[in-house]
Amino acid sequence: MNYCKILINARDGIQMKKEILLSYLENLFTESDIIELKECLHQDDIVLEGKKQKPLYLNGIEELFSQIQIILSPELVYAISTGICTNGMYDVLKEFLIKIYFKIKNVLITKMHSGGKSEKVSPTIHFIIGETKVVLPTDMDEEKYKYFVDKFFESIKSEGVEKKEYCIWNEGKGEIEYYSKQEIVRKIYLERNNKEETKWQNYH
């Protein structure tokens, strides 16, 4: 990320490009949903671009493969990670993420398993700040979700957004944790193996 260019632009009075790309599977949002989300961000002059993707079946670790991506422009990333983001901007971004939550909360997509089995799961949402992918937990209740949003904004640091990490809510600990891709794969497989072992022990 070219922070020097952003600083020079700010010094010279060049207006910051406040843009967000919302990439999503077709049918997850309606046209009226997108209009409402655009109007929400427009309160702080943030421009939203919606981009539809063709529907597909999910097969893999949910945390790694998102059906919805919210990608911030470098200027927004810089403002958030360095703490120069205004209270007004924070409020609008939080309102935007809460609107996303309510629109997706009860939506289910199909996840395929080996052997042709399938199940309905909540879509995975990545809120992408630089190299950091925040996995938004839309399957939790409203108050916990709002708490999560507040906490991950507080935890974002300038050095962090340049690391390829996943920001995930740990329900057991009630806190935010950061993982590399390799760490998250190891964590998920260990959890699944422990779950299968427990099921097998209970069966016997």
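**Salt bridges, sheet and pocket**

I would like to start with Glu142 and Lys146, which both lie in helix H5 (residues 142–155), four residues apart, or about one turn of the helix. Helices here are DSSP runs of H or I with at least four residues, strands are runs of E with at least two, and both are numbered from the N terminus. Please keep in mind that this is a predicted model, in which local features need pLDDT of at least 70 and side-chain atom pairs count only at pLDDT 80 or more, while totals for chains, interfaces and linings use all residues. Residues are numbered from 1 along each chain as its sequence is written, and side-chain values use heavy atoms, with hydrogens and water left out.

To return to that pair, Glu142 and Lys146 form a salt bridge whose closest N and O atoms are 2.8 Å apart, where a salt bridge is a side-chain nitrogen of Lys or Arg within 4 Å of a carboxyl oxygen of Asp or Glu. Glu142 counts as partly exposed at 29% relative accessibility, and Lys146 is likewise partly exposed, at 28%. On this scale, buried means under 20% relative accessible area, exposed means over 50%, and partly exposed is in between, computed with a 1.4 Å probe on protein chains only.

How many salt bridges does the structure hold? There are ten, and one of them joins Lys99 to Glu36, with 3.0 Å between the closest N and O atoms. That pair links distant parts of the chain, since Lys99 sits in helix H4 (residues 87–104) and Glu36 in helix H2 (residues 31–42), 63 residues apart. Lys99 is partly exposed at 22%, as is Glu36 at 30%. Both belong to a network of salt bridges that links Asp33, Glu36, Lys99 and Lys103.

Let me turn to the sheet. It is an open sheet of seven strands in the order S2-S1-S3-S6-S7-S8-S9, with mixed pairing, and two strands are taken to pair if DSSP finds at least two bridges between them. Strand S2 (47–53) and S9 stand at the edges with a single partner strand each, so one side of each is left without a neighbour in the sheet. On average, neighbouring strands of this sheet are turned by 20° against each other, direction ignored. Within the sheet, strand S6 (residues 125–129) and strand S7 (residues 132–136) pair in the antiparallel sense over five bridges, and Ile129 stands opposite Thr132 in S7.

Which helices pack on this sheet? Helix H3 (residues 74–81) does so, touching strand S1 (19–25), strand S3 (68–72) and S6, and its direction makes about 80° with that of S3. H4 also packs on the sheet, touching S1, S2, S3, S6 and S7, with its direction at about 170° to that of S3. Contact here means heavy atoms within 4.5 Å, and axes are lines fitted to C-alpha atoms, for helices over the stretch in contact, with angles from 0 to 180 degrees between N-to-C directions.

H3 is largely enclosed by the rest of the structure, because seven of its eight residues are buried, among them Leu76, Val77 and Tyr78. Just after H3, Gly83 takes a positive phi of about 80°. Asn27 also has a positive phi, of about 85°, although it is not a glycine; this residue is found in the loop between S1 and H2, and at 67% relative accessibility Asn27 counts as exposed.

Finally, the largest pocket holds about 590 Å³ of space. Of the 21 residues that line it, the closest to its centre are Glu63, Val135, Pro137, Asp139 and Trp169, and the elements that give two or more residues to the lining are S7, S8 and helix H6 (181–203). A pocket is, on a 1 Å grid over the protein atoms alone, an open set of points where a 1.4 Å probe fits, with protein on both sides within 12 Å along at least five of seven lines, and lining residues have an atom within 4 Å of a point. Grid points are joined across faces, edges and corners, and the volume is the space filled by probe spheres set on the points.
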